[in-house]
Amino acid sequence: MYSEKVMDHFQNPRNVGEIEGASGVGTVGNAKCGDIMRMYLDIDEDTQIIREAKFKTFGCGAAVATSSMATELVKGKTVEEALKITNKAVMEALDGLPPVKVHCSLLAEEAIHAALWDYAEKHHIKIEGLQKPKSDISEEEETEEW
């Protein structure tokens with residue numbers, strides 16, 4: 001049912017925790033399944049490169065795995081590059097997710113966006129292409145196929 005990569009990121013999650021004084025913090029959830037994901041980003045103000053990413057997730061194994069993978073994918077990226085990381089990219093990096101767990105990858109994508117939005121708000125900047133994130137991922141988005 002789950003790929004080896006999903007199981008590895010669930011059993012040995014990377015980047016768990018908080019970043020004190022984070023550049024941006026984003027929290028998103030899914031009311032239907034109860035998953036809540038919070039992502040912390042440390043962004044270099046001069047280069048806009050993400051130096052560090054951490055997460056805290058309350059949820060199922062797939063939610064933990066997608067959070068872990070999302071932090072791995074954003075580290076070392078510029079803000080603009082991180083903004084382009086989609087739920088599909090997270091799923092591909094994990095070698096796929098069962099259809100009923102696609103919403104976990106959507107949470108990961110939205111958590112990245114929420115943390116970037118917080119960063120932009122704190123620094124009074126506009127990040128091209130960034131829209132105000134949703135705090136709750138709706139059911140209709142869960143049906144997106146991979």
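Three strands form an open sheet in which the order is 1-2-3 and the pairing is antiparallel, where strands are DSSP runs of E of at least two residues and helices are DSSP runs of H or I of at least four residues, both numbered from the N terminus, and where two strands pair if DSSP finds at least two bridges between them. Strand 1 (24-29) and strand 3 (50-58) stand at the edges with a single partner strand each, so one side of each is left without a neighbour in the sheet. From one strand to the next, the twist averages 15°, with axes taken as lines fitted to C-alpha atoms, for helices over the stretch in contact, and angles running from 0 to 180 degrees between N-to-C directions. The model is predicted, so that local features need pLDDT of at least 70 and side-chain atom pairs count only at pLDDT 80 or more, whereas totals for chains, interfaces and linings use all residues. Residues are numbered from 1 along each chain as its sequence is written, and side-chain values use heavy atoms, with hydrogens and water left out.

Strand 2 (residues 36-43) pairs with strand 1 in the antiparallel sense over six bridges, and T27 stands opposite R38 in strand 2. Two helices lie across the strands: helix 2 (residues 61-74) lies across strand 2 and strand 3, running at about 175° to strand 3, while helix 5 (residues 102-123) lies across strand 1 and strand 2 and runs at about 145° to strand 1.

The axes of helix 2 and helix 5 come within 8 Å and cross at roughly 40°. The two helices, helix 2 and helix 5, are therefore oblique to each other, a class left for angles that are not under 35 degrees (roughly parallel), over 145 (roughly antiparallel) or 65 to 115 (roughly perpendicular). The contact, defined by heavy atoms within 4.5 Å, is made by A62, A63, T66, A70 and V74 of helix 2 and by C104, S105, A108 and I112 of helix 5.
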